[in-house]
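Hello,

Here is the structure I promised to pass on.

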There are 2 protein chains.
Amino acid sequence: MLEKNKKAVVLLSGGLDSATTLAIARTEGFQCYALTFRYGQRHQREIEAAKKIAHSLAVAEHRIIDIDLAQFGGSALTDPNIKVPKDRAELGNSARIPATYVPARNTIFLSYALAWAEVLGAFDIFIGVNQTDYSGYPDSRAEFISAFEKTANLATAAAVEGKGRYRIHTPVINMTKGEIILTGTKFSVDFSLTHSCYDPDEQGRSCGRCDSCRLRLKGFAEAGLKDPVEYAK
Amino acid sequence: MLEKNKKAVVLLSGGLDSATTLAIARTEGFQCYALTFRYGQRHQREIEAAKKIAHSLAVAEHRIIDIDLAQFGGSALTDPNIKVPKDRAELGNSARIPATYVPARNTIFLSYALAWAEVLGAFDIFIGVNQTDYSGYPDSRAEFISAFEKTANLATAAAVEGKGRYRIHTPVINMTKGEIILTGTKFSVDFSLTHSCYDPDEQGRSCGRCDSCRLRLKGFAEAGLKDPVEYAK
């Protein structure tokens, strides 16, 4: 189904999943408005990655919003006193929620996407959450997305006045990392522009050992492709 | 029921409803963490009001967060090109959503409150929404609050790990403005510190003609009290 010239807001982090999600939205015919957050992550490399991906996939507009989640802390991604876990024995099927969980992050991201969508007159929001290679984030699960979608349709003037119904699209939610990479490749994602590592070195090279690097490397192996980004030795 | 030393996050705007909500949370025994947003409102007077109220009601902490909703526009409160409506014939029972509606505002505010609550280990969030003197904001209705509460309990590690259940408290949701003022007065709110006007003059005096001023004046009349704030002649 081709959604000719319909606008969509696409959350874009700079990683594999959101890059492939953007490529899918574009392939479905949406005019894409990409939204990236500078939220006090330790490293700014993923913002640069998001800019390059947005440009290479010809979005209608790319906004980068500063939000200070670091002031709340509570995550290894925003608080330098909490260590990024490395070489975890269990990967993707642990019952524990990892230290890289950022409190209420996707709720905040989707709320901003909703605000922008309402002003744009868009009713479609794309987010690259994934629950297959599930690393324990509660706000990446389908039941959370569905609850947020319901909230969005009660929260906004556009929905309440009957101008449309908001839909939160999660096209990669049930794909494996390998499938995401194969799909992205088919839809022209240049994965050399993406960034996944939670803890890159000063030269910006990926560590290869955090959960995010390990899932990424597993994905490229599954896809039978070589990861084009550089890793620290 | 006295909630001794339990922490709560309380959204505080500087207006009547949130001031009374904070006073109620405090009377119920909660240790209150007040949260105010500088979101690109045209005037900063309500931030100053929030600071004074937080101080006078002895909160444990008061955070003021900058979020740039003005960059999205779409509201008379954040976009100088959209006029604040004055002297509307219908007040409080219009089917139309007024120009002062800010897209997804309460969804964004509650998302931040949730993030802070999770880091604090709090499960109680207070918001001073009101649907009696309903001026048409969809995100002030009980069904929106209930949908957000469900979302919160799916979004967060603390809820998913069973540490507690988030509750969004809306103690003034069904009160009239007069009842809110009487309740606030009983629980030590100094209403001379509060600010309601959407469009104050340069001396900070309220206009007396916007929806917010008119609801406030109607409330004081109902309560049989004199509004202590200054109005432009």
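In chain A, helix α6 (residues 177–186) packs against helix α7 (residues 211–223) at an angle of about 65 degrees. Their axes are 7 Å apart. Angles of 65 to 115 degrees count as roughly perpendicular, so α6(A) is roughly perpendicular to α7(A). The crossing of α6(A) past α7(A) is right-handed. On the α6(A) side, the contact is made by A:Lys177, A:Gly178, A:Ile180, A:Ile181 and A:Leu182. From α7(A) come A:Leu215, A:Arg216, A:Lys218, A:Gly219, A:Phe220, A:Glu222 and A:Ala223. By class, that contact has 6 nonpolar, 2 polar and 4 charged residues. Keep in mind that this is a predicted model.

Next, the contact between the chains. On chain B, 35 residues are in contact with 35 residues of chain A. Three elements of chain B give two or more residues to the side that touches chain A: α3 (105–120), α4 (142–155) and α5 (157–160). Of these, α3(B) gives the most, with 10 residues. The side of chain B that touches chain A divides into 22 nonpolar, 7 polar and 6 charged residues.

One helix pair spans the two chains. Helix α4 (residues 142–155) of chain A packs with α4(B) at an angle of about 160 degrees. The axes are 9 Å apart. Angles over 145 degrees count as roughly antiparallel, and α4(A) and α4(B) are therefore roughly antiparallel to each other. The crossing of α4(A) past α4(B) is left-handed. From α4(A), the contact is made by A:Glu143, A:Phe144, A:Ala147, A:Phe148, A:Lys150, A:Thr151, A:Leu154 and A:Ala155. From α4(B) come B:Glu143, B:Phe144, B:Ala147, B:Phe148, B:Lys150, B:Thr151, B:Leu154 and B:Ala155. The residues of this contact divide into 10 nonpolar, 2 polar and 4 charged.

Now α4(A) by itself. The helix has 14 residues. From first C-alpha to last, α4(A) reaches 20 Å, close to the 20 Å expected at 1.5 Å a residue. With 10 of its 14 residues buried, α4(A) is largely enclosed by the rest of the structure. Among the buried ones are A:Ile145, A:Glu149, A:Ala152 and A:Asn153. The cover comes from both chains: it includes α3, α5 (157–160) and β5 (167–169) of chain A, together with α3 and α4 of chain B.

A:Phe109 lies in helix α3 (residues 105–120) of chain A. A residue counts as buried at 20 or more other C-beta atoms within 10 Å. A:Phe109 has 23, so A:Phe109 is buried. Leaving out residues up to four places away in sequence, A:Phe109 touches A:Leu11 and A:Phe37. A:Glu161 is 52 residues from A:Phe109 in sequence and 24 Å away in space, C-alpha to C-alpha.

Last, helix α1 (residues 16–27) of chain B. α1(B) has 12 residues and reaches 16 Å from its first C-alpha to its last, close to the 16 Å expected at 1.5 Å a residue. This helix is mostly covered, with 10 of its 12 residues buried. The buried residues include B:Leu16, B:Asp17, B:Leu22 and B:Ile24. Elements of chain B that cover them include β1 (7–11), β2 (31–38), α2 (45–56), β4 (124–126), α6 (177–186) and α7 (211–223). Just after α1(B), B:Gly29 takes a positive phi of about 100 degrees.

Best wishes

Key:
Residues are numbered from 1 along each chain as its sequence is written. Chains are lettered from A and ligands numbered from 1 in the order in which they are written. This is a predicted model: local features need pLDDT of at least 70, side-chain atom pairs count only at pLDDT 80 or more; totals for chains, interfaces and linings use all residues. Two residues are in contact if their C-beta atoms, placed from the backbone, lie within 7 Å. Helices (H or I, at least four residues) and strands (E, at least two) are DSSP runs, numbered from the N terminus. Ala, Val, Leu, Ile, Met, Phe, Trp, Tyr, Cys and Pro count as nonpolar, Asp, Glu, Lys and Arg as charged, and the others, Gly among them, as polar. Axes are lines fitted to C-alpha atoms, for helices over the stretch in contact, and angles run from 0 to 180 degrees between N-to-C directions. Angles under 35 degrees count as roughly parallel, over 145 as roughly antiparallel, 65 to 115 as roughly perpendicular and the rest as oblique. A crossing is left-handed if the near helix is turned anticlockwise from the far one by less than a right angle, and right-handed if clockwise. The expected span of a helix is 1.5 Å times one less than its number of residues.
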